[in-house]
Amino acid sequence: MSCEVYRESLSDALLRGEATLSAALAEHVRACADCAEFYESQKQLLGAMDLGVRAMVNEKVPASLLPRVRAQREAVEPARLRSPLLPTAGVVALALLILVPLARWRARTASQQTINPDAPIVREQKDAPRMDESIVLSMHPSRERLRAAKRCCKPEVVPQEAILSAEQAAVARFASEHPEEMAETVRAAELESIELSSPFEIVPLKIERVEFAPLEDDTKTKFSPVDNGSAQFSEEH
Amino acid sequence: MRELVLIQPGRALEGVSRRELERARADREFEERLAECGPLAFRVAQGVLRNAADAEDVAQEALLRAYRNFARLREPAKFRGWLVRITFRLALDRWRSAKRRERREAEWLQPEWRAAAPTAEDVAASREFQARLERAMEELPEQFRLVLVLAAIEGYTLEEVAAMLGVPMGTVKSRLFFARKKLLEKLR
C-alpha cells in the first residue's frame, strides 16, 4: 500500500472517532515519518474544526429570547382554537359547490342532447321490428346517445280504457236478455273496425238531383239543375 | 313591542371557561416546550447565521410559528423535530438574503469607501481559521450541514438527533462522517 492510501485510511479513522488505530496503520505511522506528521496534523485540524463548530453553535442564548417570544405570543392566535372540523367542512362545501352545478349541467345537457346530423337517428316505427340494444350501442357509443336510444326504443305504455262496473253489468244483462242483438252488435263492431282499417278513397261528392217534399202537404217542390249552372224550382200540385 | 330573549347564563359561562381552560393548559404545555427547545432553536439558527442577533430573530419567529401550530405539535419529539427543521429553513432563508444584500452592496460600494483591509499581522490565526471554517460550512449540502450543527449542540446525543430528524441512527452517522470529511478536505 502506498502512503496515499494509508493517509486516506488514517483520515477516515480520525473522522470515525476511533480511539486506537488498527495494527497495520499503527505500524505504518511508526515506520513512515511523513505519514506520522500527516496523522498528527490531521488530528489537530479535526480537533480545531470540531471546536470551531461547537463554539459557533453553542453561543450563549440571549436572555431576551424567551421573554420576546412570550410577549409576541399574546398577539398570536393559536390554530388549535379553531374547530378541527373546519378544514373538513370547507372541503365538503367546496366539493358541493363544484358537484351540484356539474350534476345539474349534465342533466340539462342530457335532456337537450343534440345528435350529430351525420349520426344515425333512431325513430320509432310501429310495424318495424324492435332494434337490438347491442346494435343501438354500436350506433350510439356515447352514454347520452345510449340513453336517448333506450328512451326511443322503450315501448310506450298503452293507456287502458276505464270501464265502470255498472257499464259492465249493463252489458252483461243486455247480452243475457237479447243474445241475438248482442251478437249482431258485436258483428257490426267488427265489420266497422275492418272497414275503417281497410284502405278507402275520398272522392268529390256529385249531386245530380235533390227533392224537397213536405210531409203534410202533397205539394212537391222539385229542384232540377240546368245546363247553365243555375237551378230551377217548380211547384207541382 | 317587547322582545323575549332567551338567556342561558350557565351554559355561556361554561363555554367561555372551558375555552379559557383549554387555552391555559396549552399555554402551560407550550411554556414547558419553550424552556426546553428555545435554546435549541437559537443554536440551530446560530449554526447557520453565526450572528447572535439574527439567530435570535429567527429563533423567535420559529417558536411563534410552533405556537401557532401547537395543536399538531404537542408530542415533545414531534415538536423538537418540527422546530429544528423550521428554524434551519428560516435561518437558511435569512442567510441567503443577507448574502444577496452583501453582494449588492459590494457591487455598489466605491473602492475608496471600502474599509481598509486588515494586515496579516492584525488577523489572528484563530479568526482566519474560523472564517475558513465558516466558508467551508456554507458550502456543505443542507442535510449534512444540519446534522453537523445538531451534533455539535451541547446536550444532544446522536440518538436524539436521529429522533429529531426522523431518520435512522445510521443515516445520522454517515451524514456526520461525510460532513466532517468535506470540511476537513476544505480546511487542509
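The following paragraphs describe the chains, the contact between them and selected local features of a predicted model.

Chain A contains 9 helices and 3 strands. Chain B has 7 helices and 0 strands, and its pattern along the sequence is α-α-α-α-α-α-α. Of the 237 residues in chain A, 6% are buried; for the 188 residues of chain B, the buried share is 28%. The contacts can also be described by sequence separation. In chain A, 33% of the contacts between residues at least 6 apart in sequence join residues at least 24 apart. In chain B, residues 24 or more positions apart account for 66% of the contacts with a separation of 6 or more.

The contact between the two chains involves 27 residues from chain A and 35 residues from chain B. On the side of chain B that touches chain A, two or more residues are given by each of helix H1 (9-49), helix H2 (52-68), helix H4 (125-138), helix H5 (142-152) and helix H7 (169-187) of chain B. The largest share of this side, 9 residues, belongs to H1(B). Divided by class, the side of chain B that touches chain A consists of 21 nonpolar, 6 polar and 8 charged residues.

The largest nonpolar core comprises 48 residues, and those touching the most other members are Ala41(B), Ala45(B), Val147(B) and Leu150(B). H1(B) contributes the most to this core, with 10 residues. When neighbours within four places in sequence are set aside, the contacts of Ala41(B) are Ala59(B), Ala62(B), Leu63(B), Leu83(B) and Thr87(B).

The loop between H1 and H2 of chain B holds Arg50(B). The phi angle of Arg50(B) is near 55°, a positive value in a residue other than glycine. Most residues other than glycine have a negative phi. Arg50(B) is classed as partly exposed because 18 other C-beta atoms lie within 10 Å, a count between the limits of 12 or fewer for exposed and 20 or more for buried.

H5(B) and H7(B) pack with their axes 8 Å apart and at an angle of about 100°. H5(B) is therefore roughly perpendicular to H7(B), as the angle falls in the range of 65 to 115 degrees. On the H5(B) side, the residues that meet H7(B) are Gln143(B), Phe144(B), Arg145(B), Val147(B), Leu148(B) and Ala151(B). Their counterparts in H7(B) are Val172(B), Arg175(B), Leu176(B), Phe178(B), Ala179(B) and Lys182(B). The residues of this contact divide into 8 nonpolar, 1 polar and 3 charged. Val147(B), which belongs to the H5(B) side of the contact, is also one of the core residues that touch the most other members.

Helix H7 of chain B also includes Glu185(B). Glu185(B) counts as exposed because it has 10 C-beta neighbours inside 10 Å. The C-alpha atoms of Glu185(B) and Ala136(B) are 9.2 Å apart in space, although the two residues are 49 residues apart in sequence.

In chain A, Tyr6(A) is placed in helix H1 (residues 3-15). Apart from its neighbours within four places in sequence, Tyr6(A) is in contact with Met1(A), Leu25(A), His28(A) and Cys35(A). The C-alpha to C-alpha distance between Tyr6(A) and Ala24(A) is 9.2 Å, and these residues are 18 residues apart in sequence.

Helix H8 of chain A covers residues 165-177. At 1.5 Å a residue, its 13 residues should span 18 Å, and this agrees with its end C-alpha atoms, which are 18 Å apart. Of the 13 residues of H8(A), the number buried is 0, so H8(A) lies largely in the open.

Definitions and conventions:
Residues numbered from 1 in each chain as written. Chains lettered and ligands numbered in written order. Predicted model: local features only at pLDDT ≥ 70, side-chain atom pairs only at ≥ 80, totals over all residues. Contact = placed C-beta atoms within 7 Å. Helix = DSSP H or I, 4+ residues; strand = E, 2+ residues; numbered from the N terminus. Nonpolar A, V, L, I, M, F, W, Y, C, P; charged D, E, K, R; others polar. Core = buried A, V, L, I, M, F, W, Y, C linked by C-beta atoms within 7 Å. Expected span 1.5 Å × (residues − 1). Axes fitted to C-alpha atoms, helices over the stretch in contact; angles between N-to-C directions. Parallel < 35°, antiparallel > 145°, perpendicular 65-115°, else oblique.
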